Amino acid sequence: MGKRYPVQIHARLPRLMRIIFLGPPGAGKGTQAKLLAKKYTIPQISTGDILREAIRQGTLLGLEAKKFMDKGELVPDTVIIGIIRQRIQEQDCKNGFIFDGFPRTIPQAEALRKMLVLLNLSLDAVLSIVVKDEILIKRISGRRTCPVCNAVYHILHNPPRMPGLCDRDHTPLIQRNDEKEETVRNRLVVYKKQTQPLIDYYKKQGLLKEVDGEQTIEAIYSQIAGFLA
Ligand code: AP5
């Protein structure tokens, strides 16, 4: 039997929280962001999920984004910044939000800084999940995703109750288009070149917390909860 939510969710805390998850593809940003979003009852804002939904719906944004995503390249900053500017002003963000996959470049981080100044808001923490490349590749090759609710599973580490089906809505699970080994390797190169500089950017601002991402999902969650306590 696969494990359900492997982490015990403690009492909901009415606390404002604005967090960024940084980390390479497959590090576990989405997995941890979903757990924290539940704990703090604030939205997980995954730019990857937003773009995949646009692709699924065949919108202009989706058609444009697909060209980049299928190659493992980043979608242009202007597109992403526009999405975030609109999203963080929605009602469900009033108590905070968790960014999963944003910002990914220095211009995105700078645009976010300016948006937050205008809204008179600040960040609480930037959690950088650190995992070796060989482990990332194994995690991505075993990942299965629900195309309807975006729940994420792993065939070995976090399997669904019924093989191949989402626990929540029983939709058949899929592998993402950008999970081919060649695309994943390019995503890692892109991460190192364009996103890794954000580690120093946020370290200098005193916001960065390094998370050992090679532990179990439960142990990582506890480490993060300790940082945010
Ligand atoms: P996006 O969807 O953000 O993908 P990513 O950052 O590459 O990250 P992943 O979703 O692959 O991994 P994750 O860290 O969330 O890991 P997960 O929790 O799933 O972006 C996709 C594309 O969209 C980009 O390439 C780009 O083209 C575009 N894009 C998105 N945002 C953009 C932006 N801001 N700017 C420009 N372009 C943008 O876990 C992975 C697997 O491991 C799962 O199977 C999980 O169950 C398992 N797992 C998790 N934790 C553990 C653990 N501790 N032990 C064992 N297994 C684990």
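**Exercise 1. Locate Pro-103 in this predicted model and describe the peptide bond that joins Phe-102 and Pro-103.**

Solution. 
- Step 1: Pro-103 sits in the loop that runs between β3 (96-100) and α5.
- Step 2: read omega. The value for the bond between Phe-102 and Pro-103 is about -5°.
- Step 3: classify. The bond is cis.
- Step 4: Most peptide bonds are trans.

**Exercise 2. Work out how helix α2 packs on helix α4.**

Solution. 
- Step 1: take the geometry. α2 spans residues 47-57 and α4 spans residues 77-87. Their axes lie 11 Å apart, at an angle of about 100°.
- Step 2: name the orientation. An angle from 65 to 115 degrees counts as roughly perpendicular, so α2 is roughly perpendicular to α4.
- Step 3: list the residues. From α2 come Thr-47, Ile-50 and Leu-51. They meet Ile-80, Ile-83 and Ile-84 of α4.
- Step 4: sort them. Five are nonpolar, one is polar and none is charged.

**Exercise 3. Repeat the analysis for helix α5 and helix α8.**

Solution. 
- Step 1: α5 covers residues 106-119, and α8 covers residues 197-204. The axes come within 10 Å and cross at roughly 35°.
- Step 2: α5 contributes Ile-106, Ala-109, Glu-110, Leu-112 and Arg-113. α8 contributes Pro-197, Leu-198, Tyr-201 and Tyr-202.
- Step 3: the contact of α5 with α8 holds seven nonpolar residues, no polar ones and two charged ones.

**Exercise 4. Characterise the surroundings of the ligand.**

Solution. 
- Step 1: count the shell. The ligand is surrounded by 34 residues. The closest are Thr-31, Glu-73, Arg-104, Arg-143 and Arg-187.
- Step 2: check polar distances. A polar side-chain atom of Arg-187 is 2.6 Å from a ligand oxygen atom. For Lys-29, the distance from a polar side-chain atom to a ligand oxygen atom is 2.8 Å. An N or O atom in the side chain of Arg-139 lies 3.5 Å from a nitrogen atom of the ligand.
- Step 3: On its own the ligand has 1,000 Å² of accessible area, and the protein covers 97% of that.
- Step 4: assign elements. α1 (29-40), α2, β6 (152-154) and α9 (217-228) each give two or more residues to the shell. α2 gives the most, with four residues.
- Step 5: sort the shell. It divides into 13 nonpolar, twelve polar and nine charged residues.

Note on methods
Residues are numbered from 1 along each chain as its sequence is written. This is a predicted model: local features need pLDDT of at least 70, side-chain atom pairs count only at pLDDT 80 or more; totals for chains, interfaces and linings use all residues. Side-chain values use heavy atoms; hydrogens and water are left out. Axes are lines fitted to C-alpha atoms, for helices over the stretch in contact, and angles run from 0 to 180 degrees between N-to-C directions. Angles under 35 degrees count as roughly parallel, over 145 as roughly antiparallel, 65 to 115 as roughly perpendicular and the rest as oblique. Contact means heavy atoms within 4.5 Å. Ala, Val, Leu, Ile, Met, Phe, Trp, Tyr, Cys and Pro count as nonpolar, Asp, Glu, Lys and Arg as charged, and the others, Gly among them, as polar. A residue is near a molecule or strand if one of its heavy atoms lies within 4 Å of it. A polar contact is a pair of N or O atoms within 3.5 Å; within protein, one must be able to donate a hydrogen and the other to accept it, and residues adjacent in sequence count only if both atoms are side-chain atoms. Accessible areas come from the Shrake-Rupley method with a 1.4 Å probe; for residues, only the protein chains shown count as cover.
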